[in-house]
Amino acid sequence: MATVLGMALRTPDDYRASLRDGRTLFYRGQKVDDIYAHPELRVAVDHAAIDYEVAEDPAHRDLAVWKDPESGEDCSAYYKVPRSTEDLLNRSKLIETCTGLGGTMVTLIKEIGSDGLFALLRTVQGESLEKVQAFYERCRGGDLAVAVAQTDVKGDRSLSPHQQPDPDTYVHVVDRNDEGIVVRGAKCHTSISANADEIIVFPTRAMGADDADFAVAFAVPANAPGLSMYISSYGSGEPDEWAFPLSAKHKMLETLTVFDDVFVPWDRVFVCREPELAGPLALTFVEYHRFTAVSYKLPLVDLLVGAAAEIAQMNGVTKAGHIREKLTQLVIYAETVRALTHMAAIRAKVDERTGIAYPDPMTTNMAKYTFATRYHEALEYVQDIAGGLLVTGPGADDWSSDEVRPVLEKYFVGKAPAAERLRMINLISDLTTRDFGGYHAVLAVHAEGSIEAEKMQILRSYDAGPATTYARRLVDLD
Ligand SMILES: Cc1cc2nc3c(=O)[nH]c(=O)nc-3n(C[C@H](O)[C@H](O)[C@H](O)COP(=O)(O)OP(=O)(O)OC[C@H]3O[C@@H](n4cnc5c(N)ncnc54)[C@H](O)[C@@H]3O)c2cc1C
């Protein structure tokens, strides 16, 4: 029987057990009946369970648990609807904390779903809002893990959804009756869907009247009949913690998420054939989700600074001018991302109609843009300081060999003993050069939207009025 932790809080084991529900998963060409029984996939489940562990941990409980005034229940703070700057700062801190515990990998199982719920609560009205509120209560009260499938596979990017040779490249409505709708098509890159309880589906872009069938938003349980999830094998995981100190324990799963005539009852349909809502919903979700993104980037940028400083010390190069310059650049990078993230919350706006707060879109996008566009430069600095051993070093088998280890201890000594120096090298190598490093690098550029999408939002959100008025006034044009 499930352990009762709080009225609306599940334990990590409740969460793990909930995933054994007959969902249709494929991994490396094989059907997977039980995600937690799979040796590679269970790493992702254990990693995600951090979002539940923090509620049990006295060190984090104040941040992770929220007493809902309406129900009087203790529930996950992820589901606290933000009303102020303080709420957004606490949310950011919670996301940063869980990602820090997750070795720079975001846990995401409550972060992205709550981003999606906040967007729905702000965007839809009337009967749809009542359905969203009921679904929100289900997620909050059940302490559920919730994915968001927004990005469609998209086919030819120059064509709108209805122009695609195959309409299934965007998820769309193919039938409807008194009971609900039937949807078909596929989303991709869907994070944590394989180990979530529920999946919220959003349109990926603004749509016109011709695209009405594609303007659909709904929620389905992960075991819905007709839903199949094909888990990416990227970063399949290395069980060796010596050589892969981060990725051996921390992993996120993405899926190609295929809806093969999935039936969705009306009480789970939030938007149906309403193209005018597609753009606002997509954008409102992204407003929250990019704030989540920059919050979960903070442990990563801190680690780039910390690991670079440590390996510089261990290599004996801290006094070199160019090393100090690179460390300075890394500090500027990390602290600029942090300052912009906090500023996005400080500049929060409150939606007049709903009273729900949201981070300032321009500042959030500047934080995300700064992070994404300077990430590869930051990697260059860290790798430059660390040296080539990042890709030529020994493996765990060498280190555990009685014959080889003394040779490694003698020749890989720096200013610090080889045992310490190699651990730090392996940390940087895992973070920046191997599968996990490659994953982080693409995550930096694409996840939560491409760099161009961020730039568009920055220009769109900027109020140019005061600046142009000032320019005109200085040359007496007004
Ligand atoms: C690790 C990871 C996790 C993710 N998790 C999720 C998730 O949980 N849920 C979810 O919904 N999505 C998720 N995403 C998807 C993410 O939001 C997309 O990767 C991003 O929006 C880019 O889309 P794309 O990958 O299809 O690339 P594309 O859209 O193909 O973009 C590639 C390039 O083409 C450009 N481009 C695309 N279309 C046009 C056009 N019409 N005109 C001009 N230029 C264009 C883009 O600007 C970019 O430079 C995730 C992505 C990653 C990498």
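Biologist: What should I know before reading the values?
Modeller: This is a predicted model, in which local features need pLDDT of at least 70 and side-chain atom pairs count only at pLDDT 80 or more, while totals for chains, interfaces and linings use all residues. Residues are numbered from 1 along each chain as its sequence is written, and side-chain values use heavy atoms, with hydrogens and water left out.

Biologist: How many residues are in the largest nonpolar core?
Modeller: That core has 134 residues. A nonpolar core is a set of buried Ala, Val, Leu, Ile, Met, Phe, Trp, Tyr and Cys residues joined through side-chain atoms within 4.5 Å. Buried means under 20% relative accessible area, exposed over 50%, and partly exposed in between, with a 1.4 Å probe and protein chains only. Residues with the most contacts inside the core include I200, F218 and Y375.

Biologist: Which helix gives the core its largest share?
Modeller: Helix α8, residues 275-315, contributes 17 residues. Helices (H or I, at least four residues) and strands (E, at least two) are DSSP runs, numbered from the N terminus.

Biologist: And what does I200 touch?
Modeller: Beyond its neighbours within four places in sequence, I200 is in contact with residues including L117, L120, F135, V148 and F218. Contact means heavy atoms within 4.5 Å.

Biologist: Back to α8: is it mostly covered or uncovered?
Modeller: Mostly covered, since 31 of the 41 residues of α8 are buried.

Biologist: How far apart are its end C-alpha atoms?
Modeller: They are 58 Å apart, which agrees with the 60 Å that the 41 residues of α8 should span at 1.5 Å a residue. The expected span is 1.5 Å times one less than the number of residues.

Biologist: Where does α8 bend?
Modeller: α8 bends by about 30° at L298, and the proline P299 follows within four residues. The bend is the angle between axes fitted to the seven residues ending at a position and the seven starting there. Just after α8, G316 takes a positive phi of about 75°.

Biologist: Which residues other than glycine have a positive phi?
Modeller: L108 has a positive phi of about 70°, and phi of H189 is near 55°. Most residues other than glycine have a negative phi. L108 is found in the loop between α5 (85-101) and α6 (111-123) and counts as buried at 4% relative accessibility. H189 lies in strand β7, residues 180-191, and is exposed, with a relative accessible area of 55%.

Biologist: New topic: how many disulfides?
Modeller: The structure holds zero disulfides, a disulfide being a pair of cysteine sulfur atoms within 2.5 Å. For C75, the nearest cysteine sulfur is that of C139, 12 Å away. C75 counts as buried at 0% relative accessibility, and C139 is buried, also with a relative accessible area of 0%.

Biologist: How many aromatic pairs are there?
Modeller: The count comes to 10 aromatic pairs. Rings of Phe, Tyr and Trp (its six-membered ring) pair if their centres lie within 6.5 Å; planes under 30 degrees apart count as stacked, over 60 as edge-to-face and the rest as tilted. The rings of Y333 and F371 are stacked, because their centres are 6.2 Å apart and their planes are at 15°. Y333 lies in helix α9 (residues 321-346) and F371 in helix α10 (residues 361-386), so the pair ties together parts 38 residues apart in sequence.

Biologist: What cluster do ring pairs form there?
Modeller: They link Y333, F371 and Y375. The F371 and Y375 rings have centres 5.3 Å apart and planes at 45°, so that pair is tilted. F371 and Y375 both lie in α10, four residues apart, about one turn of the helix.
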